[in-house]
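Hello,

Please read them with the model open.

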There are 4 protein chains.
Amino acid sequence: MGAANDWLTDKPKEECGVFGVYAPGKDVARLTYYGLYALQHRGQESAGIAVGDGRQVQLHKAMGLVPEVFQQGDLDELKGYVAIGHVRYSTTGASSPINAQPLVFRYAGGMLGLAHNGNLTNVSELRARLASTGSVFQSSTDSEVIVNLIARYGQASLVDAIMKCMIDLKGAYSLVILTEKKLLAVRDPHAFRPLCLGTLPGGGYVVASESCALDTVGAHWVRDVAPGEIIIVDEDGLTSLQGMLPRRRAHCIFEYIYFARADSLMDGFNVNRVRREMGRQLAREYAVEADLVIPVPDSGIAAARGYAEASGIPFEEGLMKNRYIGRTFIQPSQDLRDLGVRLKLNPIREVLAGKRVIMVDDSLVRGTTSSKLIAMLRDCGVKEVHLCLSSPPVVHSCYYGIDTSNEEELVAARMPLEEIRRLINADGLYYLSIEGLLSVFGERRNDFCTACFTGDYPVTVPQPGKTGKFSLE
Amino acid sequence: MGAANDWLTDKPKEECGVFGVYAPGKDVARLTYYGLYALQHRGQESAGIAVGDGRQVQLHKAMGLVPEVFQQGDLDELKGYVAIGHVRYSTTGASSPINAQPLVFRYAGGMLGLAHNGNLTNVSELRARLASTGSVFQSSTDSEVIVNLIARYGQASLVDAIMKCMIDLKGAYSLVILTEKKLLAVRDPHAFRPLCLGTLPGGGYVVASESCALDTVGAHWVRDVAPGEIIIVDEDGLTSLQGMLPRRRAHCIFEYIYFARADSLMDGFNVNRVRREMGRQLAREYAVEADLVIPVPDSGIAAARGYAEASGIPFEEGLMKNRYIGRTFIQPSQDLRDLGVRLKLNPIREVLAGKRVIMVDDSLVRGTTSSKLIAMLRDCGVKEVHLCLSSPPVVHSCYYGIDTSNEEELVAARMPLEEIRRLINADGLYYLSIEGLLSVFGERRNDFCTACFTGDYPVTVPQPGKTGKFSLE
Amino acid sequence: MGAANDWLTDKPKEECGVFGVYAPGKDVARLTYYGLYALQHRGQESAGIAVGDGRQVQLHKAMGLVPEVFQQGDLDELKGYVAIGHVRYSTTGASSPINAQPLVFRYAGGMLGLAHNGNLTNVSELRARLASTGSVFQSSTDSEVIVNLIARYGQASLVDAIMKCMIDLKGAYSLVILTEKKLLAVRDPHAFRPLCLGTLPGGGYVVASESCALDTVGAHWVRDVAPGEIIIVDEDGLTSLQGMLPRRRAHCIFEYIYFARADSLMDGFNVNRVRREMGRQLAREYAVEADLVIPVPDSGIAAARGYAEASGIPFEEGLMKNRYIGRTFIQPSQDLRDLGVRLKLNPIREVLAGKRVIMVDDSLVRGTTSSKLIAMLRDCGVKEVHLCLSSPPVVHSCYYGIDTSNEEELVAARMPLEEIRRLINADGLYYLSIEGLLSVFGERRNDFCTACFTGDYPVTVPQPGKTGKFSLE
Amino acid sequence: MGAANDWLTDKPKEECGVFGVYAPGKDVARLTYYGLYALQHRGQESAGIAVGDGRQVQLHKAMGLVPEVFQQGDLDELKGYVAIGHVRYSTTGASSPINAQPLVFRYAGGMLGLAHNGNLTNVSELRARLASTGSVFQSSTDSEVIVNLIARYGQASLVDAIMKCMIDLKGAYSLVILTEKKLLAVRDPHAFRPLCLGTLPGGGYVVASESCALDTVGAHWVRDVAPGEIIIVDEDGLTSLQGMLPRRRAHCIFEYIYFARADSLMDGFNVNRVRREMGRQLAREYAVEADLVIPVPDSGIAAARGYAEASGIPFEEGLMKNRYIGRTFIQPSQDLRDLGVRLKLNPIREVLAGKRVIMVDDSLVRGTTSSKLIAMLRDCGVKEVHLCLSSPPVVHSCYYGIDTSNEEELVAARMPLEEIRRLINADGLYYLSIEGLLSVFGERRNDFCTACFTGDYPVTVPQPGKTGKFSLE
């Protein structure tokens with residue numbers, strides 16, 4: 001889960017979550033609101049909903065969490081029968097209202113709203129090409145580039161225009177699009193980012209980044225959107241087109257490791273089960289001697305349980321999380337800085353004192369939080385701390401929609417394992433092997449993007465080492 | 001002054017106010033803030049400031065009054081040496097954050113910010129033309145159309161692009177534009193909406209809709225921007241170009257009657273003096289017998305004083321205004337509805353009882369407020385009420401940047417004077433004649449647009465009777 | 001009018017305004033809201049309304065202007081048939097939610113709400129006496145002391161308790177009180193602070209600090225509450241008691257000079273007329289040669305007009321006020337500090353240049369604003385500036401409910417007139433004489449408190465030179 | 001954990017949490033802020049901090065969560081060396097700013113701030129006694145009564161006054177008190193509500209409702225405050241007095257079942273361990289045949305794990321909780337009402353389908369949520385649902401600081417077990433026996449209040465069946 005307080009966390013950030021619904025006779029704005037609520041973990045910076053009523057598209061979006069952005073009255077004003085929604089992640093600095101989504105545009109073909117999860121790798125080229133012939137850009141989002149491309153191609157049929165766009169777009173994109181009357185969903189040919197389809201009892205279709213959003217609005221999961229597929233929902237029902245030939249599947253493996261909600265079913269796998277299996281595999285790879293297995297909540301819970309099951313070492317909740325950790329928390333001043341991680345997690349001395357502990361987390365990015373956690377455990381009288389991670393070392397940047405740090409900041413890219421272990425003062429440090437990670441997925445082991453571990457990028461990236469962000473402001 | 005509480009007022013609405021400053025070494029964001037504060041009467045819906053620092057353009061804008069939109073920290077972040085600002089008016093319904101200005105775009109030539117006062121008459125054609133070749137629009141503002149036009153022409157020189165645009169644009173526009181490094185100001189060849197130029201002591205240039213904004217930031221008034229002129233301010237100082245040949249001057253006469261602040265000097269005339277002279281002329285045209293002249297504050301004060309001076313009838317402040325009337329006032333419920341206008345204006349019985357009163361106001365649009373005021377005066381024992389208006393009857397819609405009501409709502413377009421008089425229950429109703437109004441301006445009497453009184457539109461309008469608003473949402 | 005931006009003003013502060021209504025079948029909360037709105041000039045720091053419905057008293061109060069404190073829903077929840085309200089002034093520092101009024105208490109006799117305008121001179125003694133026998137205090141308000149006194153005396157009849165209190169209370173108090181079922185109004189025996197009574201058409205009674213509040217809610221003015229009078233309104237109608245024998249009347253003369261709204265009728269005098277007459281008297285006392293009379297808006301307008309009438313010198317609005325000056329305005333930073341007063345008032349060069357000007361204001365407290373105004377006028381080319389004040393020099397602190405500065409800060413107490421004139425750089429400086437001021441009131445000339453001019457305190461004050469504020473926080 | 005959205009929960013409400021710190025040289029306001037943050041689960045309605053600096057006591061409090069109530073600047077203004085803080089719970093209706101704590105009073109002995117957790121059973125009598133001799137009350141809190149009692153006794157020594165008060169007070173109270181210079185902590189002779197003591201490294205003392213707050217601010221747990229004990233911390237260090245003779249211990253057993261944070265150590269027991277043991281005991285009492293044990297997160301997790309361990313039935317997280325469930329969530333409209341509990345908890349079909357499930361929760365109050373959860377599980381294809389509760393049936397109201405529903409609303413008081421089982425449509429319904437519950441605490445089994453299960457009230461209660469709330473507003 002993308003974290004609320006950056007100084008307390010050390011995780012990659014998910015870029016976005018998307019949701020779309022076509023359901024005449026239902027309150028589509030409210031369904032989208034609940035859908036976004038279920039996807040809140042995919043983005044806490046901004047939220048937005050666009051609704052079409054057959055004649056026009058209305059939009060409400062702002063910075064903030066879903067329940068902060070929408071008041072009762074805002075939803076009541078968004079009348080219609082087709083809606084899309086978007087949540088965007090939070091990083092320091094580059095956040096701005098102008099980048100909130102969905103984007104809603106009027107073009108020659110009418111009105112169009114678009115919400116995007118993913119990251120294009122050739123957006124600078126596309127933007128330059130469009131600008132050279134007179135396009136202007138108000139935001140730094142890939143989405144605005146996509147909309148301009150659609151508009152350039154869009155004189156005749158919208159679907160034709162989208163198909164032409166797909167040929168131009170490189171990288172990761174799961175799109176939900178609406179017009180005054182239609183809902184569309186598009187997934188790139190590698191299917192980097194998740195997108196699934198459901199039906200509402202009583203009629204209507206829903207698409208969402210994760211199946212937990214379908215569950216929340218009472219929809220039935222039908223299937224994932226296929227690589228390269230375009231789905232169109234309108235008064236004639238659902239139509240599916242193969243917009244591009246599928247390429248080799250490259251589902252983001254970090255969705256399973258960390259991002260996705262545990263209750264989601266994603267491209268054929270239940271996330272919670274996968275995480276537990278990763279923990280089991282970790283235990284198989286490393287037979288650490290210890291008295292207890294404890295998770296770093298919440299992200300390490302499933303893997304820790306798996307580890308405990310496979311190893312037979314007792315599972316304990318040794319670290320308690322404050323459930324009220326929120327966004328606007330005042331940070332400790334310099335003299336209280338060492339309180340840091342204590343505000344979020346509290347070790348239970350009665351459980352831990354005198355014990356040899358295996359602490360399980362999903363990943364290690366910069367190492368700062370782990371270092372503080374281990375110091376805190378030692379304060380409680382823990383005799384040994386072994387940190388087990390249910391992912392391999394992250395050594396490469398992502399260009400497909402995840403905000404890992406730059407390579408210079410990735411601790412595993414800068415120093416050997418033994419040095420990291422000393423840095424965080426662990427008695428042992430164990431990463432799940434790539435082989436072990438992929439084994440969890442069985443015969444589908446080749447369907448995933450593992451670029452952040454291996455540097456094997458399924459789609460050419462602009463310039464390794466740079467994220468190539470376009471900064472409008 | 002565009003009014004805060006629509007239900008309490010019956011005045012045309014000004015569309016906008018603009019401000020720009022180029023002043024290396026000064027806090028240009030703060031100067032713009034104070035400038036907009038002085039122009040707040042021109043728009044209370046939204047406010048925004050864009051600042052260039054040589055490398056980029058930063059933007060902050062939101063719905064609300066200037067001091068609501070900007071907090072100290074917002075201004076502190078807007079570092080640079082060139083800035084533009086905008087205030088936008090408030091109407092019910094069509095208001096939306098997406099229409100707030102300035103607009104800031106990135107195009108092939110770099111970054112561009114634009115703020116606009118006025119209204120184009122051919123914006124639908126321009127938008128359609130641009131859309132047909134792939135432009136997209138996020139707002140319903142003329143400004144976005146102008147920016148797209150500039151981008152289409154803008155491969156070479158920005159000034160060349162602006163000159164080409166001016167050939168395309170029909171209607172009223174006073175523009176302030178910035179790039180990362182430059183300030184530009186543009187006024188349409190008829191000079192419909194005001195725009196003036198000043199210098200800062202110690203160096204730097206300022207442009208603003210009204211001279212009161214120059215005064216407020218301590219700038220010295222230099223001159224009005226000329227019809228069709230383009231002003232460029234950059235490191236080489238100020239350059240002036242004649243972007244288009246000037247057409248016949250058509251300054252909006254309602255600026256003098258109602259909109260502009262009384263302390264502004266506008267196209268050669270001090271607004272307060274003009275208003276007083278209108279009152280004197282009104283007295284010359286109608287020698288009404290009465291005991292007192294009272295103004296409807298604040299808009300009728302100057303004319304009432306003029307009327308009193310010319311007629312010799314004593315001037316009294318018979319209606320007191322609550323200075324705290326603000327935006328968020330809770331409206332009276334049905335059973336208290338008759339309190340209505342009392343919350344804003346209170347008649348002084350001691351002054352009024354038993355008197356024959358000439359009440360002077362600047363204009364009458366729908367007649368609803370006048371009707372309530374007269375009833376309130378009669379309650380106080382006023383014997384006779386004669387309503388004198390310092391403008392002719394408003395019988396035509398404006399297409400150049402003023403939100404008069406539709407013609408169907410203009411009471412003077414719907415019924416003869418005698419009927420209006422009965423409707424509002426006045427003993428007399430007197431409009432300043434057009435001839436009398438123009439006589440106030442002496443030999444410059446032909447330099448004004450009087451279309452709302454005469455239907456004589458200086459620039460062809462789309463379809464009489466329709467305001468032709470483009471509604472994105 | 002107590003000013004919004006302290007750094008822009010140099011006026012004494014009014015402590016409070018009070019309002020009460022008893023009107024079964026009417027929306028008393030909303031009537032009180034409008035009444036407070038009309039009294040907003042008497043206090044901008046906090047606002048509150050308490051409502052009784054026969055069974056209980058409900059309360060809503062908070063920091064801020066009336067329309068900020070109350071939202072539609074807040075009023076809707078305040079159901080009942082009797083209500084009181086209060087607005088409190090704003091000073092720097094000592095403002096706190098805990099001091100907002102009305103206060104609502106439960107005591108042995110039931111529930112009681114109280115709102116107070118004025119200042120007790122023996123509050124420290126009373127508080128000490130109560131504390132010594134076990135009372136506790138949450139605020140620094142006189143009102144809490146009064147309520148505790150009532151509770152101590154209040155075993156039998158509330159009115160008896162109030163009469164006993166009045167014997168103890170020294171100083172100025174205009175009180176409105178409610179119980180679950182009754183409205184009471186009390187005025188001290190000197191009648192320092194104003195309080196008047198009205199009736200609602202269709203039934204019901206209203207009391208208010210000023211008659212403008214009666215007008216605003218559509219009530220008819222009946223009379224002022226008499227010195228020492230207790231008014232009780234309940235199901236038996238209105239009862240009047242003489243709670244204490246009246247002492248010599250000592251109405252605050254500064255209400256007429258500055259505080260009260262011009263449209264109020266107060267203890268027999270229309271405020272606007274009194275101010276105009278003060279201006280006339282000023283002209284009679286000082287025959288200054290000049291070309292123009294200009295007011296400092298808004299407080300000097302009526303006196304300036306009187307001066308112009310009596311002197312025959314033309315009246316002009318030479319200084320224009322920005323009508324949008326609000327509370328949250330960001331103050332100029334050091335380098336823009338000289339903009340100061342310009343943000344509020346703008347001189348009109350066309351009117352002023354080359355002229356000898358008489359600038360009329362109501363009073364001069366510290367002299368800082370006048371000094372800036374005169375400098376600004378001289379910048380505009382004014383040849384001579386004569387400052388005429390419609391009050392005598394303020395040389396003593398007030399202990400009866402006005403926040404004049406301490407005597408050390410009162411410029412007229414620190415230096416002779418000629419020195420002040422040089423300090424503010426005026427060509428002439430003229431104060432209305434005390435004799436002249438009182439002459440305005442004719443045979444009622446002895447009914448006023450003039451302590452701030454003369455040091456003649458009608459009620460003994462604690463320690464001259466100290467305001468004796470009790471600071472809880 | 002007291003729940004944010006009442007419509008989603010069915011749990012008793014904790015009344016409050018308290019915190020106090022004495023630490024010259026440290027930022028006591030900020031330490032209190034973090035301490036309250038750790039206690040946020042004990043109250044989400046309002047929060048407040050009072051700070052003493054040797055001369056005075058300053059206060060900041062408001063409605064809302066801790067990070068909503070305090071901004072950086074608020075903490076910076078609260079300078080001093082002794083502080084107390086309070087969080088208050090949220091119920092519908094009776095919440096009001098006037099009831100927020102701490103209360104700060106000035107009395108004959110100086111200034112006093114007080115924060116209270118608990119509920120007095122004789123508050124009406126005490127209030128009546130005080131009122132009959134002249135005390136007045138602004139709030140409906142017990143705390144105001146306590147402060148008035150202290151003031152009545154407080155002429156000589158504060159500690160003497162507190163000891164006299166303790167003789168008068170009946171019921172539950174854990175108090176933290178400050179003066180300008182001292183911190184005091186008081187616990188009633190039955191020790192109903194928790195209160196513990198810690199020391200800060202480098203000097204200073206901390207008291208808090210739960211030890212998790214000590215951990216969070218980096219304090220070392222020392223001991224629980226003893227029944228009837230008064231602790232005084234001032235410049236002479238810590239002094240302990242036995243204010244009253246201890247009575248039989250009556251620690252609230254619901255703290256262990258539900259309220260307290262799992263990482264707290266309370267009166268000798270680690271909460272998490274106790275909960276797990278309750279689950280084990282439940283398994284011992286009821287050998288239900290099933291495939292899975294799942295908890296209702298978060299409150300049922302520990303007991304579910306215990307149940308799984310003791311029974312050998314696999315533990316699974318079958319219900320996923322949305323971690324972003326917040327306070328301002330818009331509730332589903334009528335047509336979406338059945339989404340209800342789905343917004344908070346999502347069942348994982350892959351885990352549950354076709355299984356016989358034991359769902360473990362801590363308690364059942366009204367039964368509404370359980371009913372919805374079970375329906376949702378059945379929708380997922382669960383074959384059997386057995387609801388196991390780690391507490392006996394709640395059949396009596398609490399008078400010592402917990403907001404259980406009235407007895408009429410307690411489902412277990414209204415109908416036999418079999419009827420409840422049918423109501424919620426469970427295949428089995430099992431409550432932990434009182435005997436089993438107490439067995440968890442071993443030889444200390446008699447130290448707890450079990451009145452809500454047994455009706456055996458340790459302190460006489462006003463009138464069974466009425467909560468006896470005093471309603472000021």
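C:P102 sits in the loop of chain C that runs between β5 (82-88) and β6 (103-107). The model is a predicted one, and in it the peptide bond joining C:Q101 to C:P102 is cis, with omega at about -5°. A cis bond also links C:P297 to C:D298, where omega is near -10°. C:D298 belongs to the loop between β18 (292-295) and α10 (301-311) of chain C. B:A191 is found in the loop between β9 (183-187) and β10 (196-199) of chain B. These are listed because most residues other than glycine have a negative phi, and most peptide bonds are trans.

Next, how the chains are arranged.

The same surface is used by both copies, since 100% of the contact residues of chain B recur in chain C.

The contact itself involves 46 residues of chain B and 47 residues of chain C. On the chain B side, α1 (28-38), α3 (72-77), α7 (211-216) and α9 (271-285) each supply at least two residues. Of the elements on that side, α1(B) gives the most, with 5 residues. By class, the chain B residues that touch chain C are 21 nonpolar, 12 polar and 13 charged.

Chain B and chain A: here a rotation of 179° with 0.1 Å of shift along its axis superposes chain B on chain A, and the RMSD is 0.1 Å. B:S135 is the residue of chain B that comes closest to this axis, at 3.2 Å (C-alpha). Again the same surface serves both copies: 100% of the contact residues of chain B recur in chain A.

This contact takes 21 residues from chain B and 21 residues from chain A. β4 (57-63), β6 (103-107), α4 and α5 of chain B each supply at least two residues to the chain B side. The residues on that side divide into 11 nonpolar, 7 polar and 3 charged.

Two pairs of chains are not in contact. Chain A does not touch chain C, and their nearest C-alpha atoms are 14 Å apart. Chain B and chain D are not joined by any contact either, and their closest C-alpha atoms also lie 14 Å apart.

Now the helix packing within chain B, for two pairs whose members have come up above.

α4 (residues 123-132) and α5 (residues 142-153) of chain B pack at an angle of about 45°, with their axes 10 Å apart. That makes α4(B) oblique to α5(B). Their crossing is left-handed. From α4(B), the residues B:V123, B:L126, B:R127 and B:L130 meet B:D142, B:V145, B:N148 and B:L149 of α5(B). The residues in this contact are 5 nonpolar, 1 polar and 2 charged.

For α9(B) and α10 (residues 301-311) of chain B, the axes come within 6 Å and cross at roughly 45°. That makes α9(B) oblique to α10(B). Is the crossing of α9(B) and α10(B) left-handed or right-handed? The crossing of α9(B) and α10(B) is right-handed. Residues of α9(B) in the contact include B:R275, B:M278, B:L282 and B:A283, and those of α10(B) include B:A303, B:G306, B:Y307 and B:A310. Sorted by class, the contact of α9(B) with α10(B) has 8 nonpolar, 4 polar and 7 charged residues.

Last, the domains of chain A. The chain is divided into domain 1 (6-247) and domain 2 (273-442). The C-alpha centres of these two domains of chain A lie 34 Å apart.

Regards

Key
Residues numbered from 1 in each chain as written. Chains lettered and ligands numbered in written order. Predicted model: local features only at pLDDT ≥ 70, side-chain atom pairs only at ≥ 80, totals over all residues. Axes fitted to C-alpha atoms, helices over the stretch in contact; angles between N-to-C directions. Helix = DSSP H or I, 4+ residues; strand = E, 2+ residues; numbered from the N terminus. Parallel < 35°, antiparallel > 145°, perpendicular 65-115°, else oblique. Left-handed = near helix turned anticlockwise from the far one by under 90°. Contact = placed C-beta atoms within 7 Å. Nonpolar A, V, L, I, M, F, W, Y, C, P; charged D, E, K, R; others polar. Domains from an automatic or database assignment. Least-squares fit on C-alpha atoms with pLDDT ≥ 70 in both.
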